[in-house]
Amino acid sequence: MNNSKRSASDDAEANKMRSIITKQQGTRGGRWGEVNVTDEYDSTQIKRSNPFEAENESSKKRKISNQMPESEEVSGASTSTSSTSASTSSTSMNNSKRSDSDDAEANKMRSIITKQRANGCFPAEVMTSLNSRFSVGKIAGLIPEALKNIPLQIMIDIIVTVGVCQYLESKFNHLKNQWELVVRKSIRFITSYLEKTNSSLSSSEVRFYCSSLIKSM
């Protein structure tokens, strides 16, 4: 009896299965025809996924992922470019100021050396313009005993010339190549006079006395 019941149950299931598969269309793709989905089947189980939709979704995610670093790189490059531009602008401005300052100093130096006389000495007004404490009227009372055998006017010329040369050396040392020959000519002026007068003093001694005299003023 049990076997008979089982056989009847199997026959019922087989008949049900045949009623389904006979409705399959004979196309190459093996598509399903109209199938009445019963409670025994879940419609989501026969819904096939579209592989192209999955691929498109994956491509979108990759594009978004790739775009984010690119945006950051562009932003970083923009910031770097902006910083570089600001730095370049600041450097250019500093160089411009430095250039203006150098030009002003060079012009001042040239305005001094162009006043040198043909014999190598400088006029008293040059020293007066460089040192407000310098006064020709004070020189006579400050000349040391060792230099008093030199005529006063010549002594003034020597003192002024020594003072101007010292100023050039201390203020425009970085422009030495432009005033060096001027200073040499001034030294020759002093040396030449001492040799002509058979002075017992050397050029370096006279320059030392004159330098000390200027500092005391």
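Is cysteine 121 buried or exposed? This is a predicted model, and in it cysteine 121 has 1% relative accessibility, so the residue counts as buried. The cut-off for buried is under 20% relative accessible area. Cysteine 165 is buried too, with a relative accessible area of 8%.

Next, the aromatic rings. The structure holds two aromatic pairs. One of them joins tyrosine 167 and phenylalanine 172: the ring centres are 6.0 Å apart and the planes stand at 65°, so this pair is edge-to-face. The angle settles that, because planes over 60 degrees apart count as edge-to-face. As for accessibility, tyrosine 167 has a relative accessible area of 16% and is buried. Phenylalanine 172 comes out at 3%, so phenylalanine 172 counts as buried as well.

Now to helix α7, residues 203-216.

Which residues of α7 are buried? They are Ser203, Val206, Cys210, Ser211, Leu213 and Ile214. These residues cover an arc of only 160° around the axis, so they sit on the same side of α7. The background is helix geometry: an α-helix has 3.6 residues a turn, so residues three or four places apart point the same way.

What do the buried residues of α7 pack against? Their partners are α3 (124-130), α4 (136-142), α5 (152-171) and α6 (176-196). On the face turned away from the buried side, α7 carries the exposed residues Phe208, Lys215 and Ser216.

Finally, the chain as a whole. The protein chain has seven helices and zero strands, and along the sequence the pattern reads α-α-α-α-α-α-α. Of its 217 residues, 22% are buried. Taking contacts between residues at least 6 apart in sequence, 65% join residues at least 24 apart. The protein chain exposes about 15,800 Å², and carbon and sulfur atoms supply 50% of that area.

In α7, the buried residues pack against α3, α4, α5 and α6, while Phe208, Lys215 and Ser216 are exposed on the face turned away.

How values were computed: Residues are numbered from 1 along each chain as its sequence is written. This is a predicted model: local features need pLDDT of at least 70, side-chain atom pairs count only at pLDDT 80 or more; totals for chains, interfaces and linings use all residues. Side-chain values use heavy atoms; hydrogens and water are left out. Buried means under 20% relative accessible area, exposed over 50%, partly exposed in between (1.4 Å probe, protein chains only). Rings of Phe, Tyr and Trp (its six-membered ring) pair if their centres lie within 6.5 Å; planes under 30 degrees apart count as stacked, over 60 as edge-to-face and the rest as tilted. Helices (H or I, at least four residues) and strands (E, at least two) are DSSP runs, numbered from the N terminus. The arc is that of the directions from the helix axis to the C-beta atoms. Contact means heavy atoms within 4.5 Å. Accessible areas come from the Shrake-Rupley method with a 1.4 Å probe; for residues, only the protein chains shown count as cover.
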